[in-house]
Amino acid sequence: MRIEVAAGNHPRDLCPVSIPFPTGAPTALTWEHRRLSVQPDGEAAWFLISGLCAGEVAHLEPTDAAPTGSVRLEDNGTEIAVAVDGEPFTRYRYADVHRPYFWPVLAPGGIPVTRAWPMDESDPTEVRDHPHHRSLYHAYGDVNGVDNWSDEPGHGCTIHRSVDELISGPVFGRMRTTSDWTSAAGAPLLRQTARVTIWRGDALRRILDFDLELTALEEDIRFGDTKEGGILTVRMATALDVDHGGRIQNSYGGIDEAETWGRAAHWCDYHGILKGQRAGICVMDHPDSFRYPTYWHVRNYGLMGANPFALAAYTQGRKEGSYTLPAGESLHFRYRVVVHLGDTREAAIADQYHNFVAPPVAAVKD
């Protein structure tokens, strides 16, 4: 048996590849003197391939060699800690908070690319505005009139209900959680199910895949047209803001807020220099997401949010973006977050996007 992976039209680096293995998946594959760890996942198995050129076909052979490296998740009852090859990557805080969030979010080498305030007040150089911008999170400002975005009086909350799955492994780690979006009085409005897969990464990048489903519970839910929200939102570390020398770039080549705010794009990347090293975060939308490609609430002061509802705000009233979700039905969103060293080009963000939406073709050959 051997595995063939056809790169297609794009070079493949740090690319997750899935192959059907109902039973008997090998622990590793070899390719040109490289060893790739394999991790079973239901009826399939995953591995990461790098160094595959556009148009090339890789021929991989199974081996029983021990896997190398790991993504490890540990839940202590208030947060889930994630480490990649023994190096801390992020923590998902879900207890005693208005809305769960990931913080810190660390690029390779331990560089914190999201803002620490208000969770940590020890850094006097961090800008202290918008206290609801907690690192990396899900939120929206008009859910049947409920503000589940800010911390202003009368705001709604996202209440964690359960950790439903926790996986560690040599290729990826995964958490699956259930939460409720509620009114200020605590009445449940939406059920959030979130599956987050963290890939092992390399010396340049860390990757998280978000599969988010929002289900209307007892009544129809209207997502109002407001810029105050981001189904996936990032608040950058202050040193990375455009106001402090950073840069925003989207998939169409738009640069900084004037060319990216309120624009639809397949991805948006935000990077700058921190501790002498350029680093950043890219958020990518998937064709499976509601209203793909999403619009972006992205600001020079460090905010970046995927917001598909705020059309009136983005178009000065020429369009209207509210949406009513019938009771019992769901909206689905898929995002990939690439936490990287270097700028947009150095992190090969355009190629990483094609890894996400058009992965290489893999097949098992006898």
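Trainee: What makes strand 1 and strand 28 a pair?
Mentor: This is a predicted model, so the pairing is computed from its atoms. Two strands pair if there are at least two bridges between them. Strand 1 (residues 2-6) and strand 28 are joined by five bridges, in the antiparallel sense, so they pair by that rule. Within this pair, Arg2 stands opposite Lys365 in strand 28.

Trainee: Which sheet do these strands belong to, and in what order do its strands lie?
Mentor: The order is 4-3-7-1-28, an open sheet of five strands with antiparallel pairing.

Trainee: Why do strand 4 and strand 28 count as edges?
Mentor: Strand 4 (34-37) and strand 28 (361-365) each have a single partner strand, so one side of each has no neighbour in the sheet. On average, neighbouring strands here are turned by 30° against each other, direction ignored.

Trainee: How do you know that strand 2 pairs with strand 6?
Mentor: The rule asks for at least two bridges, and six join strand 2 to strand 6 (residues 44-49), so the two pair. They run antiparallel. Val17 stands opposite Phe47 in strand 6. Both strands sit in an open sheet of three, in the order 2-6-5. Strand 2 and strand 5 (39-41) are its edges, because each has a single partner strand. The twist from one strand to the next averages 35°.

Trainee: What lines the largest pocket?
Mentor: The lining has 19 residues, and Trp46, Trp199, Asp209, Arg334 and Arg336 lie nearest the centre. Among the elements that give two or more residues to this lining are strand 17 (188-199), strand 18 (205-216) and helix 3 (349-357). By kind, the lining residues are eight nonpolar, four polar and seven charged. The volume of the pocket is about 330 Å³.

Trainee: How do you know whether the chain as a whole is compact or extended?
Mentor: A compact globule of 366 residues would have a radius of gyration near 21 Å, and the chain has 20 Å, so the value agrees with a compact globule. The C-alpha atoms fill a box of roughly 60 × 45 × 45 Å along the principal axes.

Trainee: What share of the residues is called buried, and by what cut-off?
Mentor: Buried means under 20% relative accessible area, and 53% of the 366 residues count as buried.

Trainee: How many helices and strands does the chain have?
Mentor: Three helices and 28 strands.

Conventions:
Residues numbered from 1 in each chain as written. Predicted model: local features only at pLDDT ≥ 70, side-chain atom pairs only at ≥ 80, totals over all residues. Heavy atoms only, no water. 1 Å grid on protein atoms, 1.4 Å probe; cavity = no way out; pocket = protein on both sides within 12 Å on 5 of 7 lines; lining within 4 Å. Points joined across faces, edges and corners; volume = space filled by probe spheres on them. Helix = DSSP H or I, 4+ residues; strand = E, 2+ residues; numbered from the N terminus. Nonpolar A, V, L, I, M, F, W, Y, C, P; charged D, E, K, R; others polar. Axes fitted to C-alpha atoms, helices over the stretch in contact; angles between N-to-C directions. Rg over C-alpha atoms; globule rule 2.2 N^0.38 Å. Buried < 20%, exposed > 50% of the residue type's maximum accessible area, 1.4 Å probe, protein only.
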